[in-house]
Amino acid sequence: KTAEVTGTVMLEGTPVEGVSLEFEPVRTGAEIPPTAYGSTDAEGKYRLTRVGGKGGRPGAVVGMNTVRVSAPEGSTATVHPHYADEGALQFEVKAGPNVFDIDLVKNPLAIGRKAVRE
């Protein structure tokens, strides 16, 4: 099952344009569920689309997801590499529309591993 996922990415309260998001479902068996991807617009807003299987569908797989946020090569966005690490962020996608607003900090290692304000 998949569900719609949207939100806004900010860096200490300021919307961030041009960052990539990856929602990878936590595996619960041999099956590899499809990962969902998105990128932020000028207002920091994103909408996920899943890939694999019948790829190109909107949304992400329902359940716990490891979330990675990064600035792709060539982007002017600045995102600490910590946010691209395995397990830096996790969100539970539930049936129905989901809104995950993510407010990153410039130096997440200075305040510990749980460095996101929701």
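**Entry 1: the chain as a whole**

I began with the secondary structure and found that the protein chain has zero helices and 14 strands, where helices (H or I, at least four residues) and strands (E, at least two) are DSSP runs numbered from the N terminus. Read along the sequence, the elements therefore give the pattern β-β-β-β-β-β-β-β-β-β-β-β-β-β. I noted that this is a predicted model, in which local features need pLDDT of at least 70 and side-chain atom pairs count only at pLDDT 80 or more, while totals for chains, interfaces and linings use all residues. Residues are numbered from 1 along each chain as its sequence is written, and side-chain values use heavy atoms, with hydrogens and water left out.

I then looked up burial, where buried means under 20% relative accessible area, exposed over 50%, and partly exposed in between (1.4 Å probe, protein chains only). Of the 118 residues of the protein chain, 41% count as buried.

**Entry 2: the sheet**

In which order do the strands of the open sheet lie? I read the order of its six strands as 8-7-5-4-10-11, with antiparallel pairing; two strands pair if DSSP finds at least two bridges between them. Strand 8 (57-58) and strand 11 (89-93) are the edge strands, since each pairs on one side only.

Strand 7 (residues 49-50) pairs with strand 8 in the antiparallel sense over two bridges, and Thr 49 has Pro 58 in strand 8 as its bridge partner. Thr 49, which belongs to strand 7, is partly exposed at a relative accessible area of 32%. I also found Thr 49 and Val 5 to be 8.5 Å apart in space, C-alpha to C-alpha, although they are 44 residues apart in sequence.

**Entry 3: strands 4 and 10**

Strand 4 is antiparallel to strand 5 (residues 36-39), to which four bridges join it, and Glu 22 has Tyr 37 in strand 5 as its bridge partner. Six bridges join strand 4 to strand 10, again running antiparallel; here Leu 21 stands opposite Val 69, and Pro 25 stands opposite Asn 65. Which residues make up the covered face of strand 4? I listed Leu 21, Phe 23 and Pro 25 for the covered face, and Ser 20, Glu 22 and Glu 24 for the uncovered one.

Strand 10 (residues 63-70) is mostly covered, with six of its eight residues buried. Five bridges join strand 10 to strand 11 in the antiparallel sense, and the partner of Val 67 is Leu 89 in strand 11. Arg 68, also placed in strand 10, counts as buried at 13% relative accessibility. The side chain of Arg 68 makes a polar contact with the side chain of Glu 22 (2.8 Å) and another with the side chain of Glu 24 (2.9 Å). A polar contact is a pair of N or O atoms within 3.5 Å; within protein, one must be able to donate a hydrogen and the other to accept it, and residues adjacent in sequence count only if both atoms are side-chain atoms.

**Entry 4: aromatic rings**

Rings of Phe, Tyr and Trp (its six-membered ring) pair if their centres lie within 6.5 Å, and planes under 30 degrees apart count as stacked, over 60 as edge-to-face and the rest as tilted. By this rule I count three aromatic pairs. Phe 23 and Phe 91 are stacked, at 6.3 Å centre to centre and 15 degrees between the planes. Because Phe 23 lies in strand 4 (residues 20-25) and Phe 91 in strand 11, the pair ties together parts that are 68 residues apart in sequence. Phe 23 is buried at 1%, as is Phe 91 at 4%. Phe 91 also stacks with Phe 100, at 4.7 Å and 25 degrees, and Phe 100 counts as buried at 11%. Phe 23, Phe 91 and Phe 100 form one aromatic cluster.

**Entry 5: the largest pocket**

The largest pocket has a volume of about 150 Å³, and its lining includes Lys 1, Pro 25, Arg 50 and Val 61. A pocket is an open set of points on a 1 Å grid over the protein atoms alone, where a 1.4 Å probe fits, with protein on both sides within 12 Å along at least five of seven lines; lining residues have an atom within 4 Å of a point. Grid points are joined across faces, edges and corners, and the volume is the space filled by probe spheres set on the points.
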